[in-house]
Amino acid sequence: MSSVLGVSVGAGAVRMARPHAASSHGHVAPHSFDLQTIPVGEHQVEELAAEAIGVTLEATPGIEATAIAYRSEQHARAIRASMARQQLTNYELVPEIIAALEFAHSTGDIRGISSLVVYDLGSSGLSVSVVDAQTREVRHSERTSDISGDYLDSLVREQQIASGRIAHPPDPAGLAALDALCREAKEQLSSNTAVALPSEQGLVLLAQENFESLIMLAIESSARMARDVIVRSDRPVHGVLLIGGCARIPLIAKVLERWMGVPVIVPDSPETVITRGAALLARPVRPIRASAPPGRMLDDDDELSPAWLSAPPKRRRKREINGAVLTVSALAVVAAIGLGLGYGPQVLERDSQSSERSTSVSPTSAPRTTTLDPQIAVAPGTTTETEESVAAPPPRRQTTTTPPPTTPGPNTIVVPGLPTIVLPTIPTEVFPFPPPPPPR
């Protein structure tokens, strides 16, 4: 049975969601998902996500499409690079905000709301976006790492150490273990009034009232940031969509509703909203296409078809024309170099002498022809002095006993449709400049 896969790549965990089989009407129930959470730990999050996707696709052959949610363009590039190293191509990237809106629309949580604030508080930071719920256009968005789930965990840790019940860990490993314990205590306080968790350093004991007093200043600051984002977007909002791992903290919804004056919507399992929304957006990707759609360039991830690899006839004709122009240009440059070195007057004087001598030649003399092949001699054995100065060098295979000229003259090259170009032989004794004229 075919299925799809949605993936979110967070700083603290990689989450994957696979919707259950469609109902008889062909729709997927928005709450019917198989969810999996993989803690990042010491791994690089993008590499961990690519490896997890590869293992899942191999273990579940029925998955036909994969959608991965990304936060920014830099985040998307890192995901693409990791997927390329795993040689995975049948996937698409979707913005996190679009995935969240897709899921909220499917559940009907934002029904009747045309403009809303998406407040996403995760382990690494806070993202606040003002979006048009109907067109899904992002009006304004900002992100900060000053307020995060990790920061709230550190507040709990410092409070426990300051109380004297917890000893300060002696090494980084112990500090990481204490942070994980404080995170667990924070999550349990979302549904309990108090929590007590034992550890090697002591007992983590925390009441909900004490926890809220610890984080109140940070939550008030985040609400002020959300209000400023609304002001800068210059758009009124009618609701707040609260997602992310910290959305389970009851204090956050209370503070936001008091600051915004609009309803605050907290979906079920808010930390997996983006993951499930990505699964709802997953579509099969065809990597080979004959051509790109109108108005769209091929991306780096797209594969080229033979139609893109073959050059059209117009391009080939253009290349041939360019080759002829390049050849003529090269010959013109060589002739210009000869004139610049001072051999133009000598060539012109020699040509004028040759034309004067040619008037005394009998009209019955055979006309001369030249070709572009320097190995073919076109002059007969009774070549005149004028012909010897412009004839091509003799052939390599001599069929007669007539010795070749000892000093060949300048070469003459004829290009059809162009004037004759004379390339003089540059004497080595006068290079690079000709001798000055004698004084009068």
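## Terms and basis of the model

Contact means that heavy atoms lie within 4.5 Å, and in that sense H6 lies across S6, S7 and S8, running at about 150 degrees to S8. Axes are lines fitted to C-alpha atoms, for helices over the stretch in contact, and angles run from 0 to 180 degrees between N-to-C directions. Helices (H or I, at least four residues) and strands (E, at least two) are DSSP runs, numbered from the N terminus.

The model is predicted, with local features needing pLDDT of at least 70 and side-chain atom pairs counting only at pLDDT 80 or more, whereas totals for chains, interfaces and linings use all residues. Residues are numbered from 1 along each chain as its sequence is written, and side-chain values use heavy atoms, with hydrogens and water left out.

## The sheet S3-S2-S1-S4-S5

An open sheet is formed by 5 strands in the order S3-S2-S1-S4-S5, with mixed pairing, where two strands pair if DSSP finds at least two bridges between them. Its edge strands are strand S3 (33-39) and S5, each pairing on one side only, and the twist averages 25 degrees from one strand to the next.

Strand S1 (residues 3-9) and S4 pair in the parallel sense over 6 bridges, and the bridge partner of Val7 in S4 is Ile68. Helix H8 (residues 273-281) packs on this sheet, touching S1, strand S2 (13-19), S3, S4 and S5, and its direction makes about 140 degrees with that of S1.

## The sheet S8-S7-S6-S11-S12

Another open sheet of 5 strands has the order S8-S7-S6-S11-S12, again with mixed pairing. Strand S8 (138-144) and strand S12 (264-265) stand at its edges with a single partner strand each, so one side of each is left without a neighbour in the sheet. Strand S6 (residues 115-121) and strand S7 (residues 126-132) pair in the antiparallel sense over 7 bridges, and Val118 has Ser129 as its bridge partner in S7.

## Helices H6 and H7

The axes of helix H6 (residues 208-233) and helix H7 (residues 250-260) come within 9 Å and cross at roughly 40 degrees. That makes H6 oblique to H7, since angles under 35 degrees count as roughly parallel, over 145 as roughly antiparallel, 65 to 115 as roughly perpendicular and the rest as oblique.

Residues of H6 that meet H7 include Ile215, Ile219 and Ile230, and those of H7 include Leu251, Val255 and Trp259. The residues of this contact divide into 13 nonpolar, 1 polar and 5 charged, where Ala, Val, Leu, Ile, Met, Phe, Trp, Tyr, Cys and Pro count as nonpolar, Asp, Glu, Lys and Arg as charged, and the others, Gly among them, as polar.
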